[in-house]
Amino acid sequence: MLRSRLAGEMTTPRPTLTGILLLALFTVPLVADAQPRSVPRVGVLSPGKSPPDDAFRQQERFEAGLRELGWTPGSNIAIDYRYADGNLDRLPALAAELVRIPVNVIVARGLTIRAAREATATIPIVMAADPDPVRSGFVVSLARPGGNITGLSTQAPDLEAKQLELLRQALPSLARVGVLANANSPNTEETTRLEAATRALHFALTESRISRSDQLPEAFAAMRQAGMGAVLFRYDLWFIDPKQVAALVRQHRLPTMHNLRQFVEAGALISYGVDFAYLHRRVATYVDKILKGAKAADLPVEQPTKFELVINMKAAKALGLTIPRSVLNRADEVLE
């Protein structure tokens with residue numbers, strides 16, 4: 001009887017230390033696989049308004065570019081957006097937030113690039129758009145950026161000369177042109193080229209500078225009183241609301257030329273400039289390369305190659321203007 005009981009007890013052996021270790025060895029990988037794997041994080045720093053009020057549709061276009069390259073936001077990549085909503089004083093704090101997360105790459109546009117650079121010298125920064133990154137001190141050269149910043153430049157030396165030519169063609173009787181610029185921007189080589197183009201086209205040019213959007217109505221009224229036949233908005237007027245411009249165009253019956261189509265969509269007459277929709281999609285290619293191991297210092301800065309001409313025919317009719325067919329045929333888009 002005793003022998004039978006002992007035999008029964010021995011049929012279920014106690015686990016040994018070796019067995020426990022082997023069980024742990026095969027179990028740990030299974031537990032690890034069950035845990036969510038970390039995904040790369042991208043920070044996007046913008047001076048403008050958050051969707052759906054973002055006139056540039058930066059978020060939508062950037063994410064579309066990422067998807068084309070196999071990145072799905074919320075799945076294999078995380079994106080942290082920070083919008084200043086026009087309050088530039090917030091930019092340093094917003095940039096610091098992205099650094100603290102930390103993100104693997106920061107995407108910055110215009111004035112936000114400097115805030116991002118001041119927040120980090122190690123996290124790669126991709127410029128969504130900057131008119132002259134060498135002069136701004138962001139890169140050593142376009143071919144070899146040399147630091148932690150690369151991306152896309154909107155530098156197009158002859159852009160404003162081309163805008164004046166288009167104004168001449170669209171408004172053949174035009175004689176006097178007003179130029180509206182940012183009072184905080186220094187005179188540059190672009191200004192010299194603009195003045196040379198004005199002389200070549202026999203335009204009389206008057207420049208007005210403002211630093212705030214509430215100064216725009218007075219500037220418009222002054223240019224209309226001075227007999228300006230059209231106004232060219234320079235690229236550095238980032239703080240101007242397109243809807244405000246459209247209302248002043250109607251009030252003063254003064255046609256305007258812009259480098260951003262958002263103004264024409266709001267009701268201004270004409271725009272010719274870099275295709276920003278294309279730029280925001282191109283930003284994704286830089287993010288993709290950096291996340292796959294490329295260094296910002298080795299990625300050349302890309303200059304614009306795609307431009308678009310947009311004309312608002314409803315605005316033309318309201319202003320009593322007839323745009324020549326030759327100009328309309330050249331337009332990338334005519335808004336009716």
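Biologist: What does the accessible surface of the chain come to?
Modeller: About 17300 Å², and 54% of that belongs to carbon and sulfur atoms. The areas come from the Shrake-Rupley method with a 1.4 Å probe.

Biologist: What kind of model is this, and how are residues numbered?
Modeller: Residues are numbered from 1 along each chain as its sequence is written, and side-chain values use heavy atoms, leaving out hydrogens and water. This is a predicted model: local features need pLDDT of at least 70, side-chain atom pairs count only at pLDDT 80 or more, and totals for chains, interfaces and linings use all residues.

Biologist: How many helices and strands are there?
Modeller: The chain has 13 helices and 12 strands. These are DSSP runs, numbered from the N terminus: helices are H or I with at least four residues, strands are E with at least two.

Biologist: How much of the chain is buried?
Modeller: 46% of its 336 residues. Buried means under 20% relative accessible area (1.4 Å probe, protein chains only).

Biologist: Which residues of the largest nonpolar core touch the most other members?
Modeller: F62, V107, L180, L216, F233, I240 and V287, out of 45 residues in that core. Helix α11 (residues 276-291) gives the largest share, 7 residues. A nonpolar core is a set of buried Ala, Val, Leu, Ile, Met, Phe, Trp, Tyr and Cys residues joined through side-chain atoms within 4.5 Å.

Biologist: What does V287 touch?
Modeller: V42, F62, L66, V105, V107 and V126, not counting residues up to four places away in sequence. Contact means heavy atoms within 4.5 Å. There is also a second, separate core of 27 residues, including A170 and Y272.

Biologist: Which residues of α3 are buried?
Modeller: In α3 (residues 58-68), they are Q58, R61, F62, E63, G65 and L66. Their cover includes β1 (41-46), β3 (105-109) and α11. Just after α3, G70 takes a positive phi of about 95 degrees.

Biologist: Switching to H252. Buried or exposed?
Modeller: Buried, because its relative accessible area is 17%. H252 lies in helix α9 (residues 242-252). Beyond its neighbours within four places in sequence, H252 is in contact with P217, F220, A221 and R224.

Terms used
Buried < 20%, exposed > 50% of the residue type's maximum accessible area, 1.4 Å probe, protein only.
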